[in-house]
Amino acid sequence: MDAFVSLAGGLAVALQPSNLLFCLIGVTLGTAVGVLPGIGPALTVALLLPVTFKLDPAGSLIMFAGIYYGGMYGGSTSSILLNTPGESSSIVTALEGNLMARSGRGGPALATAAIGSFVAGAIATLGLALLAPYVVSVALAFWPADYFSLMILAFATVSAAFGDSALRGLTSLFLGLALGLVGIDLMSGQARLDFGVPDLLDGVEVTTAAVALFAIGETLFVVSRKGAADETIEPIKGSLWMTKEDWKRSWKPWLRGTAFGFPIGAMPAGGAEIPTFLSYATERRLTKHPEEFGKGAIEGVAGPEAANNASAAGTLVPLLTLGLPTSATAAIMLAGFQQYGLNPGPLLFAAKPDLVWGLIASLFVANALLLVLNLPLIGLWVRLLSIPRPWLYGGILVFATLGTLGANPSLFELGSLLALGLLGFGLRVFGYPIAPVVIGLILGPMAEVQLRRALAISQNDWSVLITSPISAMLLTIAALAVILPIALKTREKGIVFGEDD
């Protein structure tokens, strides 16, 4: 009951005229940028992060949530129309959705994706509101050693989940941890890794790093791939709206997709890929029209797209209650909190309840606004898809540069943007994931502080990390998260070599 009272108070905050305007701007910007080919939610949020810099925290975070949800919605449009998923979680949507578009049923495909996303987002946001207080009550019992082990778990699971190799994920993570060491030591006040450059005493700016690694790095990577085939826009034929039969075939996949997406998205390293594939496999097994799968089945769009958006709300559970990002987009959102000096976690619920619950309630508003925007404005989004690639990525470079300079007008910051952008490009070329770098940069200093607090309390007794039951359990899970993928890949290689012999 307390959750409903808090949610009602949050709705009062979210429905204020100024916050409604921020939410509308956020969902419009997020959808407009997210609908462009090759730009997923993480890149969308990173690119638009500097836009919110000078707004008040409540309105800024509400706008930020709108950008996040808008980017998720926009990704489905490019997946269906261009067969260009913005990220791996949209791959399954593209499987059947693009086939529907090619057969002239792009309208119903876009409609079931939009409505399914609304249904899943609303249910998952309600789950977030109901679940968050219980997670917060558990988190308040954590000691510094437990928090440090929790962050180790986040490091391990994110590194193992992103990319094709756990070792490459860990390499990216340690690169981020090294960047997090730059600047003034939070405990002793000593300068570290500043190389005599005064601008580095404040550390690496998270906003600049996020924009550079995701937006600049992606742009340079796309430009470097010469000779790639240009996408062609498939026209939408027939009615945009779903028929009675489409509704009948979609509503159950929406609910099943939500049931897959929210709990898995809330788990460490759960992500959106697993629930979308599970949803697709389930719909293919349960469908009464198996002959349509592989040719454009609407269930294959409705279920995975609902799972994708439900998992997006699920990732906000550990982010808001524990301060732990479990996806690339959540890591960028954490940077958005930190640019206002706010650290998500149990104490934020106590210190800023209006802000937190207003943010959660604004997700309902963002879902409704996105449904209103996406259905009538499909024609506009299709026109955005026709922007030539040189103009598109040239615009991204200009927007990222101006946004960074607007947030921190400094020649050094511009040089940092270029250097980190080249780093992001290099990581992509050699197949290293980007998200662990950002997560290491953000969580590294926080983990260091918690470890040193734990050692101070225990008088430098390292055994405190394993004598605490919660800490020991979390460290065990973290170790398994790293060891199991490596062991399984080693075993697979052994089997293959055995067959060859």
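## Basis of the model

This is a predicted model, in which local features need pLDDT of at least 70 and side-chain atom pairs count only at pLDDT 80 or more, while totals for chains, interfaces and linings use all residues. Residues are numbered from 1 along each chain as its sequence is written, and side-chain values use heavy atoms, with hydrogens and water left out.

## Overall make-up

The protein has 21 helices and two strands. Helices (H or I, at least four residues) and strands (E, at least two) are DSSP runs, numbered from the N terminus. Of the 501 residues, 54% count as buried. Buried means under 20% relative accessible area, exposed means over 50%, and partly exposed lies in between (1.4 Å probe, protein chains only).

Among contacts between residues at least 6 apart in sequence, 80% join residues at least 24 apart. Contact means heavy atoms within 4.5 Å.

## Helix H19 and its partners

Helix H19 (residues 435-457) packs with helix H13 (residues 328-338) at an angle of about 40 degrees, with the axes 9 Å apart. That makes H13 oblique to H19. The axes are lines fitted to C-alpha atoms, for helices over the stretch in contact, and angles run from 0 to 180 degrees between N-to-C directions. Angles under 35 degrees count as roughly parallel, over 145 as roughly antiparallel, 65 to 115 as roughly perpendicular and the rest as oblique. The crossing of H13 and H19 is left-handed; a crossing is left-handed if the near helix is turned anticlockwise from the far one by less than a right angle, and right-handed if clockwise. On the H13 side the contact involves Ala328, Ala331, Ile332, Leu334, Ala335 and Gln338, which meet Ala435, Val438, Ile439, Ile442, Leu443 and Met446 of H19. These residues divide into eleven nonpolar, one polar and no charged. Ala, Val, Leu, Ile, Met, Phe, Trp, Tyr, Cys and Pro count as nonpolar, Asp, Glu, Lys and Arg as charged, and the others, Gly among them, as polar.

Helix H8 (residues 166-180) also packs with H19, at an angle of about 45 degrees and with the axes 7 Å apart. H8 and H19 are therefore oblique to each other. H8 passes H19 in a right-handed crossing. From H8, Gly169, Ser172, Leu173, Leu175, Gly176, Leu177, Leu179 and Gly180 meet Pro436, Val437, Gly440, Leu441, Gly444 and Pro445 in H19. The contact of H8 with H19 holds eight nonpolar, six polar and no charged residues.

Ile457 lies in H19 and counts as exposed, at 55% relative accessibility. The C-alpha atoms of Ile457 and Trp143 are separated by 10.0 Å, although the two residues are 314 apart along the chain.

The loop between H19 and helix H20 (464-467) holds Gln459; Asn460 is placed in the loop between H19 and H20 as well. Gln459 has a positive phi of about 55 degrees although it is not a glycine, and phi of Asn460, also a residue other than glycine, is positive and near 60 degrees. Most residues other than glycine have a negative phi. Gln459 is exposed, with a relative accessible area of 72%, and Asn460 counts as exposed at 61%.

## Helices H1 and H15

The axes of helix H1 (residues 2-14) and helix H15 (residues 353-374) come within 7 Å and cross at roughly 75 degrees. That makes H1 roughly perpendicular to H15. The contact is made by Ala3, Ser6, Leu7, Gly10, Leu11, Val13 and Ala14 of H1 with Asp354, Trp357, Gly358, Ile360, Ala361, Ser362, Phe364 and Val365 of H15. These residues divide into ten nonpolar, four polar and one charged.

## Two buried residues

Asp146 lies in helix H7 (residues 144-161) and counts as buried, at 2% relative accessibility. Leaving aside neighbours within four places in sequence, Asp146 is in contact with Ala141, Ser468, Ile470, Ser471 and Leu474. Asp146 and Pro469, 323 residues apart in sequence, are 8.7 Å apart in space, C-alpha to C-alpha.

Thr219, in helix H9 (residues 206-224), is buried with a relative accessible area of 1%. Not counting residues up to four places away in sequence, Thr219 touches Tyr393, Ile396 and Leu397.
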